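Visitor: Please show me the model, and then take me through a few of its details.

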Amino acid sequence: MDRAKERIEARGRIRTRIRSKVSGTAERPRLAVKKSLKYIYAQVIDDANGRTIATASSREKDAGAKGSNAAAAKAVGALIAKKAKDKGVKQVVFDRGGYVYHGNIKALADAARENGLEF
């Protein structure tokens, strides 16, 4: 099998394993992260009610930085923290989405934590 396909399937298995343990409630929703080669996305999700509370991505004009680098991840982390605080969310459960907690994922989480979200 192609190595790229193996990597995608492995990340899917890891993501499934994480999602079986991590769930968001109304009091403590889930902060889910998704990254592509071009952009990075974050959502605050209430799994109990099946609702997305806040979203942010590096595609937005007010994100501050474009792309999928560490600067964009920091900008998205700050933006999602601001939007979540505006909706009354103070604590979240971090869902790294099968990605290693390193680099851009860590930069996003640190920026969200610095801007008032508690993990």
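Guide: A polar atom of the side chain of serine 57 lies 3.2 Å from the backbone nitrogen of arginine 59. This is a predicted model, in which local features need pLDDT of at least 70 and side-chain atom pairs count only at pLDDT 80 or more, while totals for chains, interfaces and linings use all residues. Residues are numbered from 1 along each chain as its sequence is written, and side-chain values use heavy atoms, with hydrogens and water left out.

Visitor: Does serine 57 count as buried or exposed?

Guide: Buried means under 20% relative accessible area, exposed over 50%, and partly exposed in between (1.4 Å probe, protein chains only). Serine 57 has 8% relative accessibility, so serine 57 counts as buried.

Visitor: Which residues does serine 57 touch, not counting residues up to four places away in sequence?

Guide: Contact means heavy atoms within 4.5 Å. With residues up to four places away in sequence left out, the residues that serine 57 touches are Ile40, Tyr41, Ala63 and Val76.

Visitor: In which strand is the place of serine 57?

Guide: Strands are DSSP runs (E, at least two residues), numbered from the N terminus. Threonine 52 is found in strand 3. The run of residues 51-57 also holds serine 57, and that run is strand 3.

Visitor: In what order do the four strands form the open sheet?

Guide: Two strands pair if DSSP finds at least two bridges between them. The pairing in this open sheet is mixed, and the order of its four strands is 3-2-1-4.

Visitor: Which are the edge strands?

Guide: An edge strand here pairs on one side only. The edge strands are strand 3 and strand 4 (93-95).

Visitor: How many bridges join strand 1 to strand 2?

Guide: Strand 1 covers residues 30-35 and strand 2 covers residues 40-46. Lysine 35 stands opposite isoleucine 40 in strand 2. The two strands run antiparallel, and the number of bridges joining them is six.

Visitor: Which residue lies over the face of tyrosine 39?

Guide: A charge sits over a ring if NZ of Lys or CZ of Arg is within 6 Å of the ring centre and within 35 degrees of the ring normal. Arginine 113 lies over the face of phenylalanine 119, at 4.5 Å from the ring centre. Over the face of tyrosine 39, at 5.1 Å from the ring centre, lies arginine 59.

Key:
A polar contact is a pair of N or O atoms within 3.5 Å; within protein, one must be able to donate a hydrogen and the other to accept it, and residues adjacent in sequence count only if both atoms are side-chain atoms.
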